[in-house]
Amino acid sequence: MAETSFWTGSESYLCDKELAQAFHMARTLSMPLLIEGEPGTGKTELPLQYAKDNNLETFVYPVGSKSNVEQFVARFDHVKYLRDSQIEILNAQREEKGLSTRLSTGGRNPESLSDYVIKGPAVQAFQSPHSVLLIDEIDKAPREFPNDLLYALSHRKLVLPESGEVIEVAEENMPAIVITSNREQELPTAFKGRCIYHYIHFPDADVMRDIVGKHYPKVDPKIVDVALDVFYHLRNIGLERAPTTRELLNWLQYIKQSTTEEAVAKIEKLEGIGALVKTQSDLEKIQHMVLQNPDDYSRRSTHN
Amino acid sequence: MLESLPAAFRSHELKADVRTLLILRKAMEKNLVKTLGDIYNVLKAIIVQDPEDIGPYTRAYYEYFLNIDIANGERLNDAILRSETFRAWKEDYIRRQNNPEDLSDELLVERFLDAVHLTTYDIKEIVSGREIMDNDDPNMKDGEVDNPQDATRKHLERMADYSDMSLEELLERMEKIAEQQKTQHSGGSHWIGTGGISPYGHGGAARDGIRVGGTGGGKMARMVMNDRKYFPVDMDSILNDNNVDAALASLKGIMEESAHEQLDVEKTIQDGLKRGGLFLPELKSISQQKLQVILLIDNGGYSMDPYIVSIRELFKKMKTRFAHDLETYYFHNTIYDKVYSDPSRRDAVEVSRLLQKDSEYRLFIIGDASMAPYELNKYSLRTYHRIKKKFKRTVWLNPEPEKYWRHTFTLQVIKQAIEMYPLTPNGIEKAVKDMNKKK
């Protein structure tokens with residue numbers, strides 16, 4: 001049976017309940033799970049932590065602008081093939097000349113084409129039952145890539161190049177496939193139709209407190225409260241690029257080195273705000289707002 | 001099985017079809033669907049393909065399964081409160097209470113939502129939670145069976161377990177209930193209420209004091225209904241702050257996508273050398289990278305004022321995202337022989353100079369095309385014809401709603417010379433499509 005037990009997160013990873021349910025559903029139905037959401041909401045972490053927690057094999061395919069299905073499934077190594085077939089001829093010639101030493105092909109046989117197929121993450125995952133396959137940031141891929149994946153996803157079948165070998169996986173052994181996207185480009189409807197879709201909502205302050213706690217268990221809750229207050233305030237004033245979880249964690253990484261009083265003072269002065277705000281116009285906007293009512297920040301942060 | 005479901009959800013602009021039903025059926029086979037809350041979750045994962053679908057989806061779900069219509073912009077609480085379903089459920093709920101509590105409407109709605117969105121996962125959580133509690137109880141002796149908590153647990157477990165019912169039976173039952181829902185207008189209390197939460201009308205148990213707090217599903221549905229982020233932007237409304245991004249997406253179509261492929265000589269040689277002299281033809285797909293845009297904006301008169309900001313925002317984004325060669329000019333009401341390179345219309349640029357530019361430029365003229373008839377004289381019209389002749393890909397975007405177009409004489413005349421589209425995301429998309437057809 002496929003690994004279909006309900007997984008709710010581990011000690012170091014707080015899995016949103018809805019996400020956990022969607023993930024469970026995807027595994028039970030052996031469909032890929034497509035996760036979308038703002039950057040820094042833990043999309044990529046889910047399959048990695050799940051695999052780690054359950055001791056499963058993981059195969060990752062990071063998608064880039066030049067990704068193609070060949071890299072993902074398998075490709076044929078023409079260079080090795082050419083070299084080995086030349087070696088056959090060379091060896092025959094050497095034999096003719098009475099040389100006894102032979103050049104080696106490293107155990108590969110040019111007769112058998114499958115020796116020259118280099119397996120990509122998809123084939124490897126299909127061949128190891130109950131593994132986890134992560135296709136990261138699929139929105140970065142060229143437009144054809146998701147469409148090319150459709151066949152493999154819906155038929156659970158991959159065809160290797162040149163050798164024509166067919167890799168098939170039974171539904172029970174299907175790897176848990178997780179696909180993440182930052183929504184930089186729309187994915188084709190047909191593709192989405194074959195996935196279980198989940199959109200990660202941005203965590204609210206309570207959840208965020210837990211997330212911070214999992215990452216930095218030793219930080220004084222008082223610092224976290226003040227920092228979260230500023231963080232959510234920044235998210236609500238309509239910046240061009242709202243700060244994300246990852247940036248909050250980076251900021252806290254810097255803040256937490258000082259004592260509690262110092263840290264609170266640092267936060268109030270918006271020290272190291274560059275970790276949170278990444279565009280010039282946003283920075284100007286914040287400076288402008290702070291200048292306009294300087295009391296606002298100190299009041300907001302101290303009464304907590 | 002539930003044949004009317006795809007049509008009902010499609011009427012909310014969602015993508016539902018036979019495959020939706022097939023996956024739902026499979027989910028039932030795999031025991032993923034046992035409560036109404038499960039249906040919400042499973043269907044959501046299948047049907048929703050975009051955060052903007054979550055709002056319409058929630059609405060469709062409440063309408064189809066619970067007979068609760070949520071009006072545009074209405075809060076979920078209010079929709080529930082005025083529904084027949086809720087009234088029936090409330091009656092039943094209060095009747096079944098042993099010692100009736102005095103509950104406010106708000107609390108009742110909360111309980112109602114808890115009941116609707118209770119999922120198998122919640123039940124399991126409660127069951128295992130109770131188990132831990134029972135085991136931790138130091139006063140409990142071995143073999144003590146007549147424990148009221150134990151009884152509830154069994155009850156709960158039973159509710160979660162429908163293995164004794166075949167799939168066909170389940171489906172039949174669901175269908176029957178859906179049918180009743182439609183004909184009797186009984187307020188959908190068959191689904192929830194009597195005997196609780198199972199969609200199959202089984203004797204439920206999560207009543208009588210077992211509060212299923214914080215199931216989350218209800219919270220989520222409520223959050224979604226109050227947030228515009230989870231509804232699609234109106235593609236037919238005139239450009240405003242909310243749909244600028246949708247309009248930008250429509251504009252992106254201007255980057256022609258072609259499946260045209262060509263032999264990549266350079267790469268073929270390079271890769272061939274790497275392979276030690278084995279040359280395999282490498283193909284590259286040809287795409288139009290050069291994108292040149294001229295924007296002519298009518299910024300004279302009050303009629304255009306409300307739109308200028310959105311238009312500028314839209315094309316500013318366009319410039320940073322993909323059209324780096326973008327020139328903007330301004331005019332007042334109509335174009336004679338000059339346009340202006342600054343919004344206050346001081347620096348004049350001769351139209352004849354514009355006409356010397358590369359004919360590959362795409363022209364967007366944005367204006368309401370409404371003016372006094374004498375303003376649109378033959379010189380102005382000649383300018384439009386010359387522009388159109390030089391730049392084949394010229395379109396006019398009009399912020400005026402399309403239904404008023406026929407009342408404006410000058411607009412009709414200009415429309416004869418240059419194709420006109422409404423300044424809405426849909427209009428822009430259509431304009432871009434037609435533009436791409438012309439070479």
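Into which domains is chain A divided?

## Domains and numbering

Chain A splits into domain 1 (9-73 + 120-200), domain 2 (77-113) and domain 3 (205-302). These bounds come from an automatic or database domain assignment. The C-alpha centres of domain 1 and domain 2 of chain A lie 40 Å apart.

This is a predicted model: local features need pLDDT of at least 70, side-chain atom pairs count only at pLDDT 80 or more, and totals for chains, interfaces and linings use all residues. Residues are numbered from 1 along each chain as its sequence is written, while chains are lettered from A and ligands numbered from 1 in the order in which they are written.

## Confidence

The model scores ipTM 0.79 and pTM 0.71. Each residue also has a pLDDT, the predictor's confidence from 0 to 100. Chain A averages 82, and 94% of its residues score at least 70. For chain B the average is 74, with 71% of the residues at 70 or above.

Some stretches score under 50. Two residues are in contact if their C-beta atoms, placed from the backbone, lie within 7 Å. In chain B, residues 155-164 stay under 50 and have 21 contacts beyond four places in sequence. Residues 183-216 of chain B are also below 50, with 90 contacts beyond near neighbours in sequence.

## The sheet of chain A

Chain A has an open sheet of five strands, in the order β4-β7-β10-β3-β11. The pairing is parallel. Strands (E, at least two residues) and helices (H or I, at least four residues) are DSSP runs, numbered from the N terminus. Two strands pair if DSSP finds at least two bridges between them. β4 (58-62) and β11 of chain A stand at the edges with a single partner strand each, so one side of each has no neighbour in the sheet. From one strand to the next, the twist averages 20°.

Look at β3 (residues 33-37) of chain A. It pairs with β11(A) in the parallel sense over five bridges. A:E36 stands opposite A:Y199 in β11(A). Helix α1(A) packs on the sheet and touches β3, β10 (176-181) and β11 of chain A. The direction of α1(A) makes about 165° with that of β11(A). Axes are lines fitted to C-alpha atoms, for helices over the stretch in contact, and angles run from 0 to 180 degrees between N-to-C directions.

## Where the chains meet

Chain A and chain B each give 19 residues to their contact. On chain A, α1 (17-28), α4 (78-96), α7 (189-193) and β11 (196-200) each supply at least two residues. The largest share, six residues, comes from α1(A). By class, the chain A side has nine nonpolar, six polar and four charged residues. Ala, Val, Leu, Ile, Met, Phe, Trp, Tyr, Cys and Pro count as nonpolar, Asp, Glu, Lys and Arg as charged, and the others, Gly among them, as polar.

## A helix pair in chain B

The axes of α12 (residues 244-251) and α18 (residues 425-437) of chain B come within 8 Å and cross at roughly 10°. That makes α12(B) roughly parallel to α18(B). (Angles under 35 degrees count as roughly parallel, over 145 as roughly antiparallel, 65 to 115 as roughly perpendicular and the rest as oblique.) α12(B) makes the contact through B:A246, B:A247, B:S250 and B:L251. From α18(B) come B:P425, B:I428, B:E429 and B:V432. Six of the contact residues of α12(B) and α18(B) are nonpolar, one is polar and one is charged.
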